[in-house]
Amino acid sequence: MAGKKTRSEKDRRPVPQTRRTLGRTRADGQALFPVAPPKAELPNGYGDALGELKARIQQARLRAVVVANAAMIQLYWEIGRTILTRQAAEGWGAKVIDRLSVDLRDAFPDMAGLSPRNLCYMRDFASAWPDPDIVQRLLPNLPWGQNVVLLDKLCDPQTRLWYASQCAKHGWSRNILALQIDARARLNDMRGRNTQ
């Protein structure tokens with residue numbers, strides 16, 4: 001009896017299936033280019049599994065973007081902080097920032113954002129947000145473009161902080177943030193609170 005297979009073992013063996021193919025077949029009969037079957041031939045539940053996998057992929061990609069953005073914002077703040085410190089201690093000027101930009105781009109040719117102009121934004125960013133807690137807590141939720149808009153359009157730290165928090169809360173794009181600042185949304189919000 002030991003050599004005889006039971007019925008359940010036979011049932012578990014894979015049933016050979018024919019796969020649709022494009023192109024030629026090799027001498028051993030294997031396809032060179034398998035083709036996906038029509039959706040009508042797929043098993044029940046395939047659509048649900050596909051939807052679930054798509055959602056997982058989208059969530060993982062979004063998490064990766066958020067983590068990468070947070071790391072980039074922190075890096076930009078640290079670069080800006082270094083430039084500020086060196087300017088105060090050693091008198092670094094525009095020529096040094098130009099040279100720093102060239103050297104960093106040579107060291108990291110695949111990295112964007114190391115232009116002299118962007119290095120100046122990083123310096124201004126570190127100057128505008130001296131509190132590392134705000135940089136770590138709030139600003140990683142904003143892409144660099146939104147942070148640049150905040151720097152370009154606002155001088156008052158409290159107003160800048162209000163717009164940063166509203167931008168993170170509502171997910172404003174760079175253009176919407178600029179429109180909100182131009183429309184003085186904070187003043188309108190404050191007036192609305194005063195009349196309530």
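**View 1. F125 is a buried residue with 0% relative accessibility.** Buried means under 20% relative accessible area, exposed means over 50%, and partly exposed lies in between (1.4 Å probe, protein chains only). This is a predicted model, in which local features need pLDDT of at least 70 and side-chain atom pairs count only at pLDDT 80 or more, while totals for chains, interfaces and linings use all residues. Residues are numbered from 1 along each chain as its sequence is written, and side-chain values use heavy atoms, with hydrogens and water left out.

**View 2. F125 meets W144 in an aromatic pair, and the structure holds 3 aromatic pairs.** The ring centres of F125 and W144 are 5.1 Å apart and the planes stand at 80°, so the pair is edge-to-face. F125 belongs to helix α4 (residues 116-128) and W144 to helix α6 (residues 144-153), so the pair ties together parts 19 residues apart in sequence. W144 is buried too, at 10% relative accessible area. Together with Y76, these residues F125 and W144 form one aromatic cluster. Rings of Phe, Tyr and Trp (its six-membered ring) pair if their centres lie within 6.5 Å; planes under 30 degrees apart count as stacked, over 60 as edge-to-face and the rest as tilted. Helices (H or I, at least four residues) and strands (E, at least two) are DSSP runs, numbered from the N terminus.

**View 3. W162 and Y163 make another edge-to-face pair.** Here the distance is 4.8 Å centre to centre, with 90° between the planes. Both W162 and Y163 are buried.

**View 4. The charged end of R160 sits over the ring of W129.** It lies 5.7 Å from the ring centre. The term applies if NZ of Lys or CZ of Arg is within 6 Å of the ring centre and within 35 degrees of the ring normal.

**View 5. In helix α2 (residues 46-90), E52 and R56 form a salt bridge.** Their closest N and O atoms are 2.8 Å apart. A salt bridge is a side-chain nitrogen of Lys or Arg within 4 Å of a carboxyl oxygen of Asp or Glu, and a search of the whole structure finds 6. E52 and R56 are 4 residues apart, so about one helical turn separates them. E52 is partly exposed at 45%.

View 6. D103 is partly exposed at 38% relative accessibility, and R99 is partly exposed at 47%.
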